[in-house]
Amino acid sequence: MRRSRRWFGWVGILAAGVGCGGGAKPPAGFRVALITPGSIADAAWNAGAYAGLQWIKDSLGVEVSHQEARTPGAQEEALRTYAAQGYDLVFGHGFEFQQPAERVTGEHPKTVIVVTSGERVQGNVAPLVFRIEEGTFLAGMMAGALSKTGKIGFVGGIELPPIKKGYEGWVNGARRMNPSIDSKVAYLNTFDDASAGREAALAMIRLGVDMFHHNADEAAKGLFQAAKESPNVFVFGANADQSELAPDRVYGSAIIDLPRAFLAVAREVKGGTFVPKVESFGLAGGVIRYVSNPRVAVAPDLEAKVTAARDSIVAGTLLPVPPS
Amino acid sequence: MDPIVGFLAAAIRIGTPLAWAALGEVVAERAGVINLSVEGAMLAGALGGALGAVATGDPWLGVVIGALAGAAISAAFALVAIWGRTDQIIAGTAVTLASVGLTGLIYRQAAAGSTTGLDVQTLEPVAIPGLSAIPVVGPALFDQPVLTYLVMAAAPLVWWLLFRTTWGLRLRAGGESAEAARAAGVDVRLTQTVAVVIGGVLAGVAGATLVLAQVGSFAERMTAGRGFIAIAIVVLGRWHPLGVMVAAGAFGAATALQFAFQALGLEVPYQFFLMLPYLLALVALTGVVGRVRAPAGLGRRLEPADGG
């Protein structure tokens with residue numbers, strides 16, 4: 001037994017060494033942190049935020065840090081830790097950071113906390129609002145016009161308000177092209193379970209759905225797989241250009257150019273011109289876009305209708321989701 | 001497609017990885033070890049399966065590498081829990097958490113710079129001639145990936161090993177009373193280690209099934225608690241290999257029902273259906289379906305004298 005005890009001791013020393021590795025840096029100039037609610041390898045929501053952080057680092061030459069925090073407790077703790085360390089700007093990447101950010105800003109009023117897809121301003125907390133419904137509306141128009149069965153489907157991770165709003169834009173867009181479209185929706189209760197994403201999609205495909213959209217991050221990988229396995233089923237990507245996930249089964253993607261929005265905010269905060277307010281991004285500034293997949297062609301008159309709708313949304317004459 | 005056939009096929013698909021993992025957990029628990037590292041072993045099996053299939057270009061070699069990755073994780077658990085004589089619950093939880101971190105780290109290195117993650121060739125469903133022509137049951141049960149048929153064959157094999165061989169008798173003796181087994185000349189620590197590693201191999205195959213027979217890609221934490229569900233399935237299946245197969249099917253059916261109801265747009269909160277399988281497990285534990293008895297020595301830390 002003696003030998004194995006000593007062995008465990010070494011493991012403990014090693015673990016302690018790894019734990020200390022990152023700490024004890026003196027506070028320097030302007031510092032920016034990002035907290036994501038999921039993996040930055042999701043090729044969408046979190047990956048875009050991380051790309052934004054890297055862009056800030058390269059463009060502004062500032063120090064950056066990233067953490068992943070999945071539970072409400074861990075998210076609040078991560079916010080508090082960055083604020084306590086004197087970070088100038090912290091991005092809480094998702095609606096779920098709104099309430100923790102409001103609690104933390106009272107204790108650390110100097111740090112600007114930006115909540116992506118947040119709700120309201122309080123103290124130095126400012127939300128970035130993405131009008132993703134403007135992009136999903138255009139994707140929905142495509143789906144409504146292209147569906148042969150008249151049935152479209154949406155797979156969501158968790159029914160958060162921004163996700164629900166994106167879904168409403170998608171349905172309204174489809175109804176604009178085909179008023180009798182039948183829309184189906186399923187929530188997975190997870191953003192990780194790709195197998196569940198596939199089963200949710202297959203259950204809808206059995207009922208005749210042939211056009212899909214999603215907002216399920218990693219779990220959507222299963223949705224793309226289901227489309228690849230099933231004849232004549234297509235997907236519209238979400239949050240990033242996802243054409244590569246199923247090159248001949250993606251007509252296009254409703255994207256959020258997160259890096260562009262992140263850099264714009266970081267510039268303001270660094271330049272001292274930042275005033276906490278609702279920063280809203282839509283099709284107008286190019287942060288929200290619909291990008292088509294050049295490998296899957298659609299009729300030019302459909303492209304023209306979508307472009308016309310885009311111009312109407314930018315001009316404010318077309319509301320993707322009318323206020324209820 | 002007939003909706004009933006579609007539903008049954010989905011139940012079998014969803015039940016397959018659960019059955020692999022639960023079958024492995026039966027072996028470990030019969031030997032007296034409650035192995036919570038099964039979730040971690042499954043996740044390692046998923047990543048090992050994906051990387052193995054990409055590296056070799058052969059999904060079957062991916063399954064083998066996934067099984068080995070699962071075995072490695074469970075061996076780490078066995079080292080700490082059985083040979084280090086630590087608490088099994090704590091050791092299993094720690095190993096699972098370590099596996100979540102490790103698989104994420106390795107995956108990010110492997111998929112760095114890619115916009116698509118790992119793109120893995122999947123094992124197509126293979127229809128069994130004759131059997132798949134049976135109405136309703138045929139296309140649901142006998143038009144599945146080969147990994148589904150293999151788990152159906154593995155269950156009776158595990159039953160035979162546990163209940164009809166001397167090795168199985170010694171293994172179960174250690175799970176009931178380590179002192180008595182040791183008095184009879186059984187090396188309890190060794191049999192428990194072998195049982196846990198077998199469990200890890202099967203959990204690894206369970207994870208590989210998710211990637212290679214279903215998703216065709218890896219996602220971090222994609223097992224999403226299936227390892228813990230497998231532990232509940234062992235209870236529901238009353239620590240019996242064949243009971244576990246039925247229980248895994250029941251969990252698969254409850255989950256498939258949940259997706260079918262959402263797709264149909266029924267106005268019942270989906271969380272209600274997510275809850276159903278766990279209600280089943282609770283009912284099983286309360287003894288409504290007959291007396292349930294876990295192996296008497298389950299989860300007990302071995303005294304220094306036990307293992308010799």
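This is a predicted model: local features need pLDDT of at least 70, side-chain atom pairs count only at pLDDT 80 or more; totals for chains, interfaces and linings use all residues.
Visitor: What radius of gyration does chain A have, and what would a compact globule with 324 residues have?
Guide: With 324 residues, a compact globule would have a radius near 20 Å, so the value for chain A agrees with that rule. The radius is taken over C-alpha atoms, and the rule is 2.2 Å times the number of residues to the power 0.38.

Visitor: How many helices and strands does chain A have?
Guide: Helices (H or I, at least four residues) and strands (E, at least two) are DSSP runs, numbered from the N terminus. By that count, chain A has ten helices and twelve strands.

Visitor: In what order do the strands of the open sheet in chain A lie?
Guide: Two strands pair if DSSP finds at least two bridges between them. The open sheet has six strands with mixed pairing. Its edges, pairing on one side only, are strand 7 and strand 12 (288-292) of chain A.

Visitor: Which strands of chain A run parallel to strand 8?
Guide: Strand 6 (residues 151-156) of chain A is joined to strand 8 by five bridges, one partner pair being V155(A) and H214(A). Three bridges join strand 8 (residues 211-215) to strand 9 (residues 234-239) of chain A, where F212(A) stands opposite V235(A). Those that run parallel to strand 8 are strand 6 and strand 9.

Visitor: How many residues of strand 8 of chain A are buried?
Guide: A residue is buried if 20 or more other C-beta atoms lie within 10 Å of its own, exposed if 12 or fewer, and partly exposed in between, with C-beta atoms placed from the backbone. In a regular strand, side chains alternate between the two faces of the sheet. Here M211(A), H213(A) and N215(A) point one way and F212(A) and H214(A) the other way. All are buried, and the count for strand 8 of chain A is five of five.

Visitor: Is S117(A) buried or exposed?
Guide: S117(A) lies in the loop between strand 4 (112-116) and strand 5 (125-130) of chain A. Its phi is positive, about 60°, although it is not a glycine. Most residues other than glycine have a negative phi. Because 23 other C-beta atoms lie within 10 Å, S117(A) is buried.

Visitor: What is phi of N189(A)?
Guide: N189(A) sits in the loop between strand 7 (182-187) and helix 7 (194-206) of chain A. With 16 other C-beta atoms within 10 Å, N189(A) is partly exposed. This is a residue other than glycine with a positive phi, near 70°.

Visitor: What radius of gyration does chain B have?
Guide: Chain B has 13 helices and two strands, and its C-alpha atoms fill a box of roughly 60 × 50 × 40 Å along the principal axes. With 308 residues, a compact globule would come near 19 Å, so chain B agrees at 19 Å.

Visitor: Which residues touch the most other members of the largest nonpolar core?
Guide: A nonpolar core is a set of buried Ala, Val, Leu, Ile, Met, Phe, Trp, Tyr and Cys residues joined through C-beta atoms within 7 Å. The largest one has 197 residues. Those touching the most other members are A22(B) and I233(B).

Visitor: How many residues of chain B are in contact with chain A?
Guide: Two residues are in contact if their C-beta atoms, placed from the backbone, lie within 7 Å. On the chain A side, 29 residues take part, and on the chain B side the number is 31.

Visitor: How many charged residues does that side of chain B have?
Guide: Ala, Val, Leu, Ile, Met, Phe, Trp, Tyr, Cys and Pro count as nonpolar, Asp, Glu, Lys and Arg as charged, and the others, Gly among them, as polar. The side of chain B that touches chain A has 17 nonpolar and eleven polar residues, and the charged ones number three.

Conventions
Residues are numbered from 1 along each chain as its sequence is written. Chains are lettered from A and ligands numbered from 1 in the order in which they are written.
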